[in-house]
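Here is my note on the model you sent, written as numbered points. Please read each point with the structure open beside you.

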Amino acid sequence: MRISVLFGSMALFTGLAAAQTPHTHQHSFSDAEKWSHVFDDPERDAWQKPHEVIRALALKPDARVADLGAGTGYFSARLANMLPKGRVYAVDIEPDMVRYLEARAKREGLRNLTAVAGAPDDPRLAEKVDLVLLVDVYHHIEDRERYFRRLSTSLRPGGRIAVIDFKLDSPQGPPPSVRIPPETVKAEMKAAGHAVAAEHPFLPYQYFLIFRPAS
């Protein structure tokens, strides 16, 4: 499995790589500098509402956060800025994206942002975290019950998993045939041992669900 993502809709590869996606399934993401102009387009802010999302996550100042499928760091950099006492792990399996994230952290002085070269079935986190964030990534993951059961071991006590993905009727996002409705996400996460902790309705094109381990 590898996932690569681009602003506006989703590209299906075979792993976990970035946080936005293209209209075609045949894009290369080796040129992270090029894709940064798309991923970090300021026009995205109007519907992605990144600061509202981060506020809704209600993170403690010293929280540990893993942004799975971080891409060029659209959410990771914002999280690092808003959590100066915390630690943000920006996880991607695309090598050039990881290199870009490392350079961005240095360029922007984000000492609390760590780029991580993840594996398709393992984010390879250096420590347990308070929150795992997946933006426009969930519907790319294969064998989701197994993946999210395993991901439980990466959570600290009280840790949560936040899933943001495209609604079935959204004008943005992947083809409707590959989208996953929120009801299915809830059922799959329940099967993986997670319960809904919160649901935020303020994103126009995406649902926003937060889960905690049920036990």
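1. Leaving aside its neighbours within four places in sequence, L133 is in contact (heavy atoms within 4.5 Å) with A66, D67, L68, F75, L79, A162 and I164. Please keep in mind that this is a predicted model, in which local features need pLDDT of at least 70 and side-chain atom pairs count only at pLDDT 80 or more, while totals for chains, interfaces and linings use all residues. Residues are numbered from 1 along each chain as its sequence is written, and side-chain values use heavy atoms, with hydrogens and water left out.

2. L133 also belongs to the largest nonpolar core, which has 29 residues, and L57, L59, L79 and F208 are listed with it as those with the most contacts inside that core. A nonpolar core here is a set of buried (under 20% relative accessible area, 1.4 Å probe, protein chains only) Ala, Val, Leu, Ile, Met, Phe, Trp, Tyr and Cys residues joined through side-chain atoms within 4.5 Å. Helix α4 gives the largest share of this core, 5 residues. In soluble globular proteins, nonpolar side chains tend to be buried together.

3. The model has an open sheet of 7 strands with mixed pairing, in the order β5-β4-β3-β6-β7-β9-β8; strands (E, at least two residues) and helices (H or I, at least four) are DSSP runs, numbered from the N terminus. At the edges are β5 (113–117) and β8, each of which pairs on one side only, where pairing requires that DSSP finds at least two bridges between two strands. From one strand to the next, the twist averages 20°, with axes fitted to C-alpha atoms, for helices over the stretch in contact, and angles running from 0 to 180 degrees between N-to-C directions.

4. Within this sheet, β3 (residues 64–68) and β4 (residues 87–92) pair in the parallel sense over 5 bridges, and A66 stands opposite Y89 in β4. Helix α4 (residues 74–82) lies across β3, β4, β5 and β6 (129–135), and runs at about 170° to β4.

5. Which residues of helix α7 (residues 182–191) are buried? They are P182, V185 and M189, and they lie on the same side of α7 because they cover an arc of only 50° around the axis, taken from the directions from the helix axis to the C-beta atoms. The face turned away from that buried side carries E183 and K190, which are exposed (over 50% relative accessible area).
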